[in-house]
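Here is a short tour for anyone who likes to know the cut-offs behind the words. Have the viewer open and follow along.

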Amino acid sequence: MGGMDDLYREQILEHHRRPHNQGTLTAPSVSLEGRNPNCGDVINLQLQLDEAGIITDVAFMGRGCAISQAGTSLITDELRGKSAAEILALTSPFVMELLGVEVGPTRIHCALLGLETAQKAIASLSSK
Amino acid sequence: MGAWHNADGTLDPVKVRAEYPIFKTQPGGRPLHYLDSAATAQRPQRVVDAVSKFLFTANANPHRGAYTLAQMATDGYEAARARIATYLNVPANELVMLGSATEALNLVARSWGKANLRRGDVVLVTEAEHHANLIPWQQITREMDADLEFIPVDDVTGEILWDRLDTLMKLKPKMVAIAHVSNVLGSIAPLKEIAAAAHAVGALVTVDGCQAVANMPVSIPDTGADFYAFSAHKMGGLYAGGGLWARADLLDAMAPIEHGGDMIHSVRLRDADFTTGTQRFEAGTPDASGAVALAAACDLLDEFGREQIHAHEALMIERVIRELPEALPDARILGPRDLQKRAGVVAFSSELIHAHDLAEILDRRGVAIRAGFHCAQPLHEQLELSSSARVSVAPYTTHEDLDALFVGLREARKVFEG
């Protein structure tokens, strides 16, 4: 079990095995592919926003390392009900808290893939 | 045999390790099991000693000064070039010393390509190429309106399908650019046959030798290559170093792509004449210390014996391939199963454990492997892999290193199977 390991604790492995919000939306406001060029982690993230700019639904499909997939699963749980501005204001420590572990410099891009993709997706909406 | 061998003449990696000070350190407080030599080799003591000696006793700007010390620097640099040339069995006046193998491959693509490629001409590469032997050809074929075509790989094993060459040669390529040893598949390219097929239709052959020159005997004239690029740091030299061998007539016909000091015959305000030979491609002050380092690395590799290095590495690779399925049952090994066709590296993927997670867990046991695309993203896309894990070996790789690898693999499996 994950007991030997700080990083691969059960919560992370559980999100990796059975990611939350996995799938696709029927009418997303925005879809964006996020990639980690070095490791090949990839997610396709979809968001649905209402007229007030509040996230009403989220879904993603992805493949990659446990940290990237668990990080995305955890962050997607947090997005519903938040405004675009609130999501843009989220930073790395927020994700670290969700993961429950401080991720080292070699894996930080994996951990932040979900958040950064969500932020880029929202930024692309507002620039339209 | 020398100080590095067993009584039966085989290489003794434990004796070899004594020459590599890094193994006396404990990165992160753990003994180091370095299985990433295909990315960069560890540095021998004598390489660094040779650099110190050169810089402390013969340091001046080569090819310039009129004083004794400057001549010593020039002699040191040119002697190093000659030593490296001997290692590869080529004449020193055909060996261009550059900053990296990447620079060498870019030089061929940009200089030879610019002068020789026309609209509709074909450059042929494999789907498995390292980005350094792919992107320069993408760029120059786009610029010259030429076509880039591919020798395919098997979708499952990744093996390069050399039997397609006959058909592909009907495209009458102008250049065939391939790795001597694939940095992911570990496969040794049948260069002689490829060169014969290429030359028969008038194509030249560029070989990326990065994963071959430190791992097996390489005599460039026997490969049939017209251009051969290699990297110093994968041989135990310094980081910034590499070279390009090219046939003298091809070198003479090529225009330099970098211009400046040390490559000119005479300069006027509005134009300049360039020197002949290799120096034309070495604008600016050369990295003489890097050349001296690489020459020392060549000495050491020859003392180990390149047949012996190859045999030792084959033994290590054979064990990895044999034991991997038991340690990680869903491991998909990339590249040929026939050990005769392999050198130096073995890459694999697992649905259970992503390569990055594996590398992270192995790191806790001091086992250093490579995870990701290994600068060969198109190959991984072809195999529908989001990454692979790569183990690469060297003269200093021991069974203890592999023991640690397999203990770590089993641990990782336990974590992920839950």
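## Where the chains touch

Two residues are in contact if their C-beta atoms, placed from the backbone, lie within 7 Å. On that basis, chain A brings 18 residues to the contact and chain B brings 14 residues. The chain A side divides into 10 nonpolar, four polar and four charged residues; here Ala, Val, Leu, Ile, Met, Phe, Trp, Tyr, Cys and Pro count as nonpolar, Asp, Glu, Lys and Arg as charged, and the others, Gly among them, as polar.

A word on the model: it is predicted, local features need pLDDT of at least 70, side-chain atom pairs count only at pLDDT 80 or more, and totals for chains, interfaces and linings use all residues. Residues are numbered from 1 along each chain as its sequence is written, while chains are lettered from A and ligands numbered from 1 in the order in which they are written.

## Chain A overall

Chain A has six helices and three strands, where helices (H or I, at least four residues) and strands (E, at least two) are DSSP runs, numbered from the N terminus. Along the sequence, they follow the pattern α-β-β-β-α-α-α-α-α.

The radius of gyration of chain A, 14 Å, agrees with the value near 14 Å for a compact globule of 128 residues; it is taken over C-alpha atoms, and the globule rule is 2.2 Å times the number of residues to the power 0.38. Of the contacts in chain A with a separation of 6 or more, 63% join residues 24 or more positions apart.

## Helix H6 of chain A

H6(A) covers residues 113-126 and reaches 20 Å from its first C-alpha to its last, close to the expected 20 Å (1.5 Å times one less than its number of residues). Its buried residues (20 or more other C-beta atoms within 10 Å of the residue's own, placed from the backbone) include Leu113(A), Leu115(A), Ala118(A) and Ile122(A). Among the elements covering them are strands S1 (30-35) and S2 (42-49) and helix H2 (66-79) of chain A.

## Strand S8 of chain B

What is buried in S8(B), residues 242-246? Five of its five residues are. Gly242(B), Leu244(B) and Ala246(B) point one way, and Gly243(B) and Trp245(B) the other way. In a regular strand the side chains alternate between the two faces of the sheet.

S8(B) pairs (at least two DSSP bridges between the strands) with S7(B), residues 227-231, in the antiparallel sense over five bridges, and Tyr228(B) is the bridge partner of Trp245(B). Four bridges join S8(B) to S2(B), residues 95-98, also antiparallel, with Leu98(B) opposite Gly242(B).

Definitions and conventions:
A residue is buried if 20 or more other C-beta atoms lie within 10 Å of its own, exposed if 12 or fewer, and partly exposed in between; C-beta atoms are placed from the backbone.
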